[in-house]
Amino acid sequence: MTLDAGNADADADAAAAPAMRAARAAADAAWAAALFAIDPIGTGGIVVRSAAGPARDAWVEQLTVRLQRAGTCRGVRRVPCNIGDGRLLGGLDLAATLQAGRPVAESGVLAQSDGGVVLLAMAERLPAGTAARIAAVLDRGEVAVDRDGFSLRAPARFGVVALDEGIGDDERLPEALGDRLAFRVDLEPCGVDDVRDAFEQLDVEAAIDAPPQPAQVSAVELPEAFVEALSEAALALAIASLRAPLLALRVARASAAQAGRRRAETADAARAARLVLGPRARALPASPAEAGRDDDAPPPPPPEASPPQPAPPAQDSAPQEPPPSPPAQEPPPLLDVLLAAAAAVLPSHLLAALSRGATARARAAASGRTGVQQRSGARGRPIGSRHGEPRGQLRLAVVDTLRAAAPWQRLRQRARSDSRAPGHARRIEVRRGDFRVAVYKKRSQTTVIFVVDASGSSALHRLAEAKGAVELFLADCYVRRDQVALVAFRGSAAEILLAPTRSLARAKRCLAALPGGGGTPIAAGLLAAHGVAGAALRRGEIPLLVVLTDGKANVGLDGSPGRERAMADAQAVARQLRAASIRSLLIDSSPRAQPAARTLAEALGAEYVALPHADARVIAGSIGGKVGGRGGSEAGGHADGAGRG
């Protein structure tokens, strides 16, 4: 009976955990909105991690109401993630310039948002360049534009609300902008009722007559101990940015002003640590015992054994003195309070990851799902224009060409006034230097190059799986527009059996004729794959090598037998592939995992997978997990179609 009751309590606690987590997340989001509404420019902004839905809509609605109530915002302007630089920062007003005959500047969205709030929709898709420009305007407090024959300076002081709808860790707002925004809230575990209840509870707890103004926030006095404690807390949480403690100090002032105080208290600093430092934490702070321990100090000497003392005689008649009262408990140090507040906002799975030192880091811009940026002059999504002539596949950007020619119309017409007949219609004169051609960004293609060891009996056990894996993976290439190539090596040489293709029928015919037997010239196979990968790189594609071998090379590059020479040649070619930054995956095809295959994988810089009992679907799944996530991404380097102006 007792066991059943204990199990019931455990089940009840487990069922209540998501509700408690949602309530805490909603409360933090409500406090972040309230403090941001008081001082949107001073706190920088908020990053809201949540998919589009009723909960996020309710939070944005409550934030808008508080901004209007505080009177600190001149309006909220929504900015799409694909906005161009001309619309964002300002540029040439083409119609006014043609009418006036001189350059006329037009202010951009950031200048028009001065004193207000910029709402970034789908912030996880914001290009790094656009994020850097917004961050630069936040730092300077003004927009500075010098191009197209004019100079523009306009004040631009605003707050930012970034709506991040990313799913994985690699889909996030660029850190260049996120680092300048004080708050980071997560509404994923919250429902619409959680958000509304949190704001109602906040109105009850922080009921004040009139919201404070930013000037009152700046006038709040901060004890010197708070500055030192917040800085030490950021250091203990492995927060590298120096902006984090500065933003935490500003949030502590806003928290005190929200409560109507002129001097910040410990509760204000703890709230700032929870809302600003907690979401940025990259490590768990050391415990007080570990923090005060000096590893270099010698261990304390063991206590000397004292001789046993005789027990005092019992005195039943003597009155016993009352035990001394315990000393008054001192309040915990301020740093411990701040660290506890910051750690409380971390989810349990993140705490476990941080304690193991396995926190995920932001991926490089040239890897993972985003790939490399690829530009094209013929097809794709337009991303702007550049100077050049519309030749070949390059297309003329008409509006940008007129924009470049507009500032010079008065001078050109004045130079031609003598040769123009009276009453001649006024025309726009466009010269060769005004031409602009459109630039497009297109999706990258991945060329998967299978390098199959077809030598000897051990490899023959894997030929069927390799054929099946290529066929299964080729079917997915129609969706991702990727290509597959096949290189087989046996005997004393390697052969490209299948050039990069998406033709399923051609692939099946080549795979059906794949022979087996003979020596193991791994170096020749890798060298042939290097040539295929280099050709893919020159076409602007992303090559991926999938090597199926046991790693036991016995034929060198010159075709001579000898295991030692063959292994050295294979290692040398593998290092060349690694130096070329070609991604690779090595699948150990031996019945048991072999050290030779692992050593070859290390030379390639490849991911090593031992599949002694895998079938074709397992192999195809491993490859798909490596390249399948980038199906909808933008990619590329400079394609040949872009040319030079």
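Reader: Okay, what percentage of the 645 residues in the protein is buried?

Author: Keep in mind that this is a predicted model. Buried residues come to 43% of the 645. As for secondary structure, the protein has 24 helices and 18 strands.

Reader: Which residues touch the most other members of the largest nonpolar core?

Author: General idea to begin with: in soluble globular proteins, nonpolar side chains tend to be buried together. Here, the largest nonpolar core holds 61 residues, and Trp 59, Val 161, Phe 183 and Leu 277 touch the most other members. Helix 1 (residues 2-38) gives the most to this core, 12 residues. Domain 1 (16-210) and domain 2 (212-366) both contribute, so the core lies between them. There's also a second, separate core of 29 residues, with Ile 522 and Val 573 among them.

Reader: What does Val 161 touch?

Author: Leaving out residues up to four places away in sequence, its contacts include Phe 36, Ile 46, Trp 59 and Leu 120.

Reader: And how do I read two helices packing, say helix 3 and helix 9: what is their angle?

Author: Angles under 35 degrees count as roughly parallel. Helix 3 (residues 54-70) and helix 9 (residues 192-205) pack at about 25°, with axes 7 Å apart, so helix 3 is roughly parallel to helix 9.

Reader: Which residues meet there?

Author: From helix 3, Trp 59 and Arg 66 are among them, and from helix 9, Phe 199 and Asp 203 are among them. The residues of this contact split into eight nonpolar, one polar and four charged.

Definitions and conventions: Residues numbered from 1 in each chain as written. Predicted model: local features only at pLDDT ≥ 70, side-chain atom pairs only at ≥ 80, totals over all residues. Heavy atoms only, no water. Core = buried A, V, L, I, M, F, W, Y, C linked by side-chain atoms within 4.5 Å. Buried < 20%, exposed > 50% of the residue type's maximum accessible area, 1.4 Å probe, protein only. Helix = DSSP H or I, 4+ residues; strand = E, 2+ residues; numbered from the N terminus. Domains from an automatic or database assignment. Contact = heavy atoms within 4.5 Å. Axes fitted to C-alpha atoms, helices over the stretch in contact; angles between N-to-C directions. Parallel < 35°, antiparallel > 145°, perpendicular 65-115°, else oblique. Nonpolar A, V, L, I, M, F, W, Y, C, P; charged D, E, K, R; others polar.
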